[in-house]
Amino acid sequence: MNTATHTLDPHAGHAHHPTGLMRWLTTTNHKDIGTMYLTFSLLMFFVGGAMILAVRAELFQPGLQLMKPEFFNQLIGVHALVMIFAALMPAATGFANWMIPLMIGAPDMALPRLNNWGFWLLPPAALLLTMPFILALFGIGDGAVATGWTLYAPLSVQGGIGVDFAIFSIHILGISSIMGSINIIATLLNMRAPGMTLMKMPLFCWGWLVTAVLLIITLPVLAGGVTMLLTDRHFGTHFFDAAGGGDPILFQHLFWFFGHPEVYILLLPVWGLMPHVLSTFTRKPIYGHTAQVYGFIAIGVLGLIVWAHHFMTAGLPVPALLYFMYSTMAISLPLAVLFFCWIATMWRGAMSFETPMLFAVGFIVLFGIAGLTGLVLADVAADAQYHHSYFVVAHFHYALFAGGIMGVMTGVYYWLPKWTGHMYSERLGKLHFWLTVVSFNLTFMPQFFLGLAGMPRRIPDYALQFTEFNAISTVGAFVLGLSQLLFAWNIWRCVKGGDKATDQVWEGTSGLEWELSSPPPYHSWDTQPVIKSST
Amino acid sequence: MTRLNPRPHGRFFAGLSLLLATGAARADYTWNFPTPVTPIARDTLNIHNEFMVIITVLFVVVFSIMVYSMVKHRKSSGVEPATFTGPTGAFQWFWVLVPFAILLFIDFVLMGIPAFHAVIEMEDTRTKADMVLKVTGLQWKWQYEYPDSGIKFISTMSTPREQIEGKEAKGENYLLEVDNEVVLPVGKKVRVLLTSTDVIHTWWVPQFGVKRDAIPGFLRETWVRIEEPGVYRGQCAELCGKDHGFMPVVVRAVPEAEYAAWVDKKKTEMAAAAAGSDRAWTKDELMAAGKAGYEKNCAACHQAEGQGLPPAFPALAGSKIVTGPLLSPEGKLIPDSHVDRVFNGKAGTAMQAFKATLSDADLAAIITYERNAFGNNKGDMIQPAQIKALR
C-alpha cells in the first residue's frame, strides 16, 4: 500500500535527464522544481519590491511628484498580489519541494508530473497580473488592477481590464496552489519512511501539512468570489450590487474567508522551519514538538473562523463584532505556545549566531511585535481608529515581511549549503541581516505612529503633519530594498562556488536530510531509510 | 500640539515611545491618537493606552528572558547544551501553564471586559439621540443632509490643484479643507447615518474615534457627541478610486445658539437657490455658473479642458454624447443623451447620477457650459426651469 516501498526501480541512481532548457521545462524532479520555485520567487520579490519603492518615492514628500493617483493605486495593489502570490507562496512551495522528500526519506514527491504543471502555471499567472501595465503603454486599457489587492466590490466592478486580468491570474494561481497542496498532502501521508509516525514527522512538514489543508479549504472560496465578481462585471449578475438584491459586504466575507487563513498559509511553513533552525544553532533538541503540532492545528482551525475582523467598521451587528473580537484574541494562545517553545528551545542550549540563527532571532522578536499589535487590533473599539490606517500597514508588514520574508531568508541561509554543496559568505550574510533588520524597522516603525496620528492607507498624497514620518519611512524602504541585492549576490556566489559544505553542514543538525551528501544526488533516498522506534 | 492624556499610563506610553525613538523625536511629531473630543474617542484612547502598556510589558518580559538566554547560553562561553524536550513532573507543568493562564486573563478579562463595554457604547446609536446627520459618500466628495431642517449640501475638497502639483506653497490644512463644512452643535448626541451612491467609502474623523463604512444600497450608522467647539478634520479611509486621497471630512462644532443661526442661514440660502430655478437665466450667467460648477464637480475626471482621462474617464471635448441633441422635441429626456448622462449617470462606471446631488440651476449651468466650452460650440442652452420639469 505504501508507494514508497517500491524502491527497486532499475533506473534509480542513474541521474540521466535532458539538459539545457528542456531539463527545466520537462523536469519532474522535486529538487529541480524546488529550485525553479525559489528562483521565480526571488525574481518576483524584486519585481514587487521595485513597485513599492516607486510608491515610497512618491510618498517621500506631500504633493504629487512622480505619478498620477490612478497609477499609484495600481502599484499598491499589484505590489501586494505579487509579494503574496508570486514571492512568498512560491518560496514556501520551493522549500516544500526541496525539503519534504529529503526530510521524510521519500525518493520524490508523490505526484511529480502534477508538480511540474503546478510550477509552470506560475509564470503565465504572474504575466497576466503585470501585463496590463505594458498594455497601457500601447494604449490598451487603463493599466493594472487599481483596487488594492482586496478587490473590494463595487470598486472592482467599476474598474478596467486590469481587474479581469487579476481575476484570471488568481484563478490560475489558485489552481497551481491547490495542485501543490494535494501533492504535499499525498506525499506526507503516504511516503514517510517506515517508522516515521505522524507525530514524529518533522515540524516543517507539519507546518506545511496544515498550510496545504488550509489552502484546499479556502482557495475555492476565493476563486468563487472572484468569479462572481467577473459575472457581475460582464454578465449582468448582481451578487455585489444592492440595486439587484446583492450586497457589497458579501464580497468582503468571501474574500477574507480566504484572506485571513492566507496569513497563516504564508506563515505556517516558516513556523515549521524555525524550531529546526533553533535546535541546530542551540545544539539542543526541539522543545515541545507535540505541543507545536497541536499549536499549528489550533491556529489553522481558529484562522478559519475569524475572518470578519478585517472589516469591523463595515457595520456588523454587535454579536458578530463581539464574536469576531473574542475569537481573534483566542489565537494569541496557540501562538503563545509557539513562542514559548521557541524560547524554551533556546534556553540552556549552546548557542552560536551564524546568519540563519540571526535571522531566526530577528524573526522571533519582530514577529512578536506583529502578534502583539494584532492582539490590540482585535479590539473592536480601538480597531475603529487603527482600521484602514497606516497602523494596520505597519502591523501586517511586521507579520509578512519580518514574519514571512525574513522567515524565508532564514530557511535559504540554513539550507543553501545543503542545496548547493557550498557555504555562502558568512560576512555578507551577517551584513545582509543587520542592514535588513535596521532598515526594516526604520521603514515600518514610523508607520505605526502615522496610523495613530490618523493617516489612512492607500493615499497618494497626505496632509502636512505626516511629512516627517513618511520621509523616514521612505529612506528606510530604499535601504531595505537595496540591501536585498546583497542577498541575491550572496546566493549567486554560493551557487557558483565557495567552501565545500559537509554533509551535516551545521554542527547541531539532526534529521534525515542531513545524512545525505551536500548537494544531495539528483535522485535521493532510492533506498528508504528506517526510523528506529526508540527515537 | 498633542495634549497629554489625563490617565497616567497614557503618559507612560507616550514617554516610552519617545524614549524608543529619541533620535527622531521632534516637537511636532504625534505619537498617539489626536486629542479626543467625544466620549467614544476618549474611551478608545484609554483602551489603546492600556493595551499598549500591556503589550509593552509582555514584549519586555518575554524577550528579556530570550536575550538573557542568548547572552548566557553560548557555545563560545563553553556551555554544555541541555537535552530536555518538554516539561517533566507536576512542578514543571505548573510553571509551563502559568504563562498561558496569565495570557488567558489578559485576553478575556484585562482586555476583554473594557473592550466589551466600549463596543456596546459605540454601537448604541439610537438611545437619546438628539438629531440625525445623513452622510452620503460619492466619488469623491461627501453629501450631508439634516433631515430635521431639510438642509442638504455637498462638501468637496477646496485645496487648489496648484498646491498638490507643487506650483504653490501648501497651506496649513493642505488636503484637509473643504468648501462646505459640516456644522454640528456641541453637546448633542448626533446619530450619523451613512450610505454611498457608487463604491464603498469610509467616514473617519480621528478626534471623534469614529470610523464607519458608507456602503452603496445600505444604511450604516454611528454616533458622535462632540464636547468641545472646534474644527475637526478627517478623510475617507476606504480606497474608493482615483481621488480617494482627496475627499476630506471637515466638521465644525459650535455652541447650540450658533448652530441654530447657521441652520437659519442655510435655509435662507437653499430658498434662494430654489428660487433660481424659476427665473430665466441669460446664457452668460449659465456659462459663468457652469464653469464654476464644472470645475468643482466634473474636472477631477473629465479634466479642466474637457480632454478626460481615457479610457476610464472619456473626453467631453468633441464627445458625440455632449454634442448630440439636447432634449426631444416634446422637451422630454432622450435616453443616453447628454442630459440623461448628467442626470442619471452610467451604471458600472464612476459617472454618478448628479440629479440627486446638484440643484436645478447647477445642472442647467453645467450642461450649458459643457455644450459650449472645449470647442464644442453647440450654441444651445437649457434653463433651470426645464431641468425642474424633467425631475
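**Notebook: helix packing, the chain contact and some backbone details**

I began with the crossing of α9(A) and α15(A), which is left-handed (the near helix is turned anticlockwise from the far one by less than a right angle; clockwise would be right-handed). The model is predicted, and I kept in mind that local features need pLDDT of at least 70 and side-chain atom pairs pLDDT 80 or more, whereas totals for chains, interfaces and linings use all residues. Residues are numbered from 1 along each chain as its sequence is written, with chains lettered from A and ligands numbered from 1 in the order in which they are written.

**Entry: α9 of chain A and its two partners**

I looked up the geometry next, and found that α9 (residues 248–282) and α15 (residues 390–420) of chain A pack at about 45° with their axes 9 Å apart (lines fitted to C-alpha atoms, for helices over the stretch in contact, with angles from 0 to 180 degrees between N-to-C directions). That angle makes α9(A) oblique to α15(A) (under 35 degrees is roughly parallel, over 145 roughly antiparallel, 65 to 115 roughly perpendicular, and the rest oblique). Helices here are DSSP runs of H or I with at least four residues, strands are runs of E with at least two, and both are numbered from the N terminus.

On the α9(A) side I listed A:Val263, A:Leu266, A:Leu267, A:Val270, A:Leu273 and A:Val277, while α15(A) brings a set that includes A:Gly403, A:Gly404, A:Gly407 and A:Gly411 (contact means C-beta atoms, placed from the backbone, within 7 Å). Sorted by class, this contact has ten nonpolar, five polar and no charged residues (Ala, Val, Leu, Ile, Met, Phe, Trp, Tyr, Cys and Pro are nonpolar, Asp, Glu, Lys and Arg charged, and the others, Gly among them, polar).

I then turned to α10 (residues 289–303) of chain A, which packs with α9(A) at about 170° and with the axes 10 Å apart. At that angle α9(A) is roughly antiparallel to α10(A). From α9(A) I noted A:His260, A:Pro261, A:Tyr264, A:Leu268, A:Trp271 and A:Pro275, which meet A:Gln292, A:Phe296, A:Ile299, A:Gly300 and A:Gly303 of α10(A). Here the class count is seven nonpolar, four polar and no charged residues.

**Entry: where chain A touches chain B**

How many residues does each chain give to the contact? I read 80 residues from chain A and 87 from chain B. On the side of chain A, the largest share, seven residues, comes from helix α12 (residues 332–346). That side of chain A has 49 nonpolar, 22 polar and nine charged residues.

Helix α6 (residues 283–297) of chain B has 15 residues and reaches 20 Å from its first C-alpha to its last, close to the expected 21 Å (1.5 Å times one less than the number of residues). Its buried residues are B:Leu286, B:Ala289, B:Gly290, B:Gly293, B:Tyr294 and B:Asn297 (20 or more other C-beta atoms within 10 Å; exposed is 12 or fewer, partly exposed in between, with C-beta atoms placed from the backbone). They pack against α7 (299–302) and α9 (360–372) of chain B.

For α9(B), with 13 residues, I found a reach of 18 Å, close to the 18 Å expected. Twelve of its 13 residues are buried, so α9(B) is largely enclosed by the rest of the structure. Among the buried ones I noted B:Asp360, B:Asp362, B:Glu370 and B:Arg371. The buried residues pack against α5 (256–276), α6, α8 (338–344) and α10 (384–390) of chain B.

**Entry: backbone details**

Just after α9(B), B:Phe374 takes a positive phi of about 55°, and I count it as buried because it has 21 C-beta neighbours inside 10 Å. B:Asn377, in the loop between α9 and α10 of chain B, also has a positive phi, near 40°. Is B:Asn377 buried or exposed? With 9 C-beta neighbours inside 10 Å, B:Asn377 counts as exposed.

I also recorded two cis peptide bonds: one joins A:Ser518 and A:Pro519, with omega about -5°, and A:Pro519 lies in the segment after α17 of chain A. The other joins B:Gln139 and B:Trp140, with omega about -5°, and B:Trp140 sits in the loop between β1 (131–138) and β2 (141–146) of chain B.

Lastly, A:Gly498, in the segment after α17 (467–496) of chain A, counts as partly exposed with 17 C-beta neighbours inside 10 Å. Leaving out residues up to four places away in sequence, A:Gly498 touches A:His422, A:Met423, A:Tyr424 and A:Arg493.

Note on methods
Contact = placed C-beta atoms within 7 Å.
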